[in-house]
Every structure is written in C-alpha cells, then in structure tokens.
Amino acid sequence: MLDTSLSFNQTVKGITEFIEVAIHAILYSRHPALNEYISGATQAIADELVLGNIQKVVVVIKDKDQVPLERFIFSVQNMIEVETHNMDVSVQEAMSSATLCRYFRAFLVKLNMIESQLVPLEPQDESTFAILLELRDDREVPTGLQDEMNQDPPPWVPADKQYTTAGTPDNTQLHLLRTVETGIVNVALAVQESEEKLRRIKELRKDNNSGQNGEANDKPA
C-alpha cells in the first residue's frame, strides 16, 4: 500500500504530538495536573502552528530564583503557504506520515542520549519550568482566552527577555540534536546550557578538586 504524502494539518498534528512527548521526557512529568497543563499548552501551540505564527517553542528550566539554567529549543520553519481549504490535502513531494514517525522516534532517542550527557541540575536548584513561544517578526503575541473553571493553560503573555533565545548571553553551550525537513513545516531541536549553569558547574568542580587535594595533603607521608 502506497504511503501518501503529508497534508499541512497532518504535519502540524505530528509536530504538536512530538513536542508534547518531548516535553514530558524533558520534565519527567508524572503528576496528572502537570500532564493536563502540558496537554493544554501543546494544543495552544498547535493553534499557533496552524496560523504559521511560531518561530520557536522554548522549554526553559529555571532555578528557585527564576534564573534560566537550560533551554530546550524547538525551531520551526514554515516552508510553504497553504490555503485554509487545502490544509487536509496531501502536499506533493512532502514526507509521508510513516517517515515522519520514524524521524520523531529517532529524535526522542537523541533527546534521551543528550540528557544523559548534560550535567544534572543540583537538588538545591529547586528547578521550575516555563513554555515560551517566540513568534515570527511580523506576528503579534497571542492572548489565548482562559476558561473561568479551568486555569490550564494560562493565556500567553509577553515573556521575560532573559528566558528567550534573544536574551541569551554569548557564553552558553549549545547542543544541536536533529532536524526534520517535512517539506511543509521543518522542525529542529537544540539544547542550551546557560552561562549561569556552566558557571555553577565550574565552581562545583573547583570545590570538589580542592576537597580532594585537601584530603590528600592531610594524609601522613
């Protein structure tokens, strides 16, 4: 059976599902309320993807003082413009659904591998997170309506610049994971360790080395 090319809506649905699964993997989320929040947030992301508004989706990991330590950056690029009435029509020469699934499975394997290579956050960091949208330059900030009975997800509000990729200092470490070119909407994933996290790692290693040297010096000759 021939596997047909993706439509615009199928591509958006696949990317949204991938982002949702990836966020769960990043946060090791198990709590029902958190899972519901992530589900609501990714649905709001899907709404903006359909409109072609998004340039990046960023998951920021912060410490108890709201200092960013890590950023998981999903970069999005719309390759074609599709009229509303054609969004369910297969796009010629686009990737197939089966191929997209294989790419995203490889993405998640790569994400798990890079997470094992990152220096883990210290327990005293008491980390929290935020999900940000960085929009194309010609788009306005979305202000999703909030149901009075259900507070998840909250409406989108302008983000503090320090959490965005534009507000990132130069002295960071960026790990590029993978890019998927669907022919409709392309997506890439990168992980960034912040300048503050790298500074803390350096200080921790320095303290550990000093302690080891002190122990060695205390031993009798």
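Biologist: How much of this protein counts as buried, and what makes a residue count that way?

Modeller: This is a predicted model, and 39% of the 221 residues of the protein count as buried.

Biologist: What is the secondary structure made of, and which pattern does the protein follow along the sequence?

Modeller: There are four helices and five strands. Along the sequence they follow the pattern α-α-β-β-α-β-β-β-α. As for contacts with a separation of 6 or more, 75% of them are accounted for by residues 24 or more positions apart.

Biologist: How do you know that the strands form an open sheet, and in which order do they stand?

Modeller: The order is β3-β1-β2-β5-β4, with antiparallel pairing. β3 and β4 (173-180) are at the edges with a single partner strand each, so one side of each has no neighbour in the sheet. From one strand to the next, the twist averages 15°.

Biologist: What makes β1 and β3 count as paired strands?

Modeller: Pairing takes at least two bridges, and β1 and β3 are joined by eight. The two run antiparallel, and Val58 stands opposite Leu132 in β3.

Biologist: How many bridges join β1 to β2?

Modeller: Seven bridges join them, again with the strands running antiparallel. Here Lys62 stands opposite Pro68 in β2. The hairpin of β1 and β2 has five residues between the strands, and Gln66 takes a positive phi near 70° there.

Biologist: Why is β1 called largely enclosed?

Modeller: Eight of its nine residues are buried, so the rest of the structure largely encloses β1.

Biologist: Turning to the helices, how does the reach of α2 compare with what is expected?

Modeller: Helix α2 covers residues 32-51, which is 20 residues. From first C-alpha to last, α2 reaches 29 Å, close to the 28 Å expected at 1.5 Å a residue. Just after α2, Gly52 has a positive phi of about 75°.

Biologist: Which elements do the buried residues of α2 pack against?

Modeller: They pack against α1 (8-27), β1 (54-62), β2 (68-78) and β3 (128-135). Among the buried residues of α2 are Tyr37, Ile38, Ala41, Ile45 and Leu49.

Biologist: Where do α1 and α3 lie relative to the strands?

Modeller: α1 lies across β1, β2, β3 and β5 (185-193), and runs at about 170° to β2. Helix α3 (residues 97-117) lies across β2, β4 and β5, at about 165° to β4.

Biologist: Which word describes how α1 runs relative to α3, and why?

Modeller: Their packing angle is about 20°, and their axes are 11 Å apart. Because angles under 35 degrees count as roughly parallel, α1 is roughly parallel to α3. Gly14, Ile15, Phe18, Val21, Ala22, Ala25 and Ile26 of α1 make the contact with Leu100, Phe104, Phe107, Leu108, Leu111, Asn112 and Glu115 of α3.

Biologist: What is the handedness of the crossing where α1 passes α3?

Modeller: α1 passes α3 in a right-handed crossing. That word applies when the near helix is turned clockwise from the far one by less than a right angle.

How values were computed:
Residues are numbered from 1 along each chain as its sequence is written. This is a predicted model: local features need pLDDT of at least 70, side-chain atom pairs count only at pLDDT 80 or more; totals for chains, interfaces and linings use all residues. Side-chain values use heavy atoms; hydrogens and water are left out. The expected span of a helix is 1.5 Å times one less than its number of residues. Buried means under 20% relative accessible area, exposed over 50%, partly exposed in between (1.4 Å probe, protein chains only). Contact means heavy atoms within 4.5 Å. Axes are lines fitted to C-alpha atoms, for helices over the stretch in contact, and angles run from 0 to 180 degrees between N-to-C directions. Angles under 35 degrees count as roughly parallel, over 145 as roughly antiparallel, 65 to 115 as roughly perpendicular and the rest as oblique.
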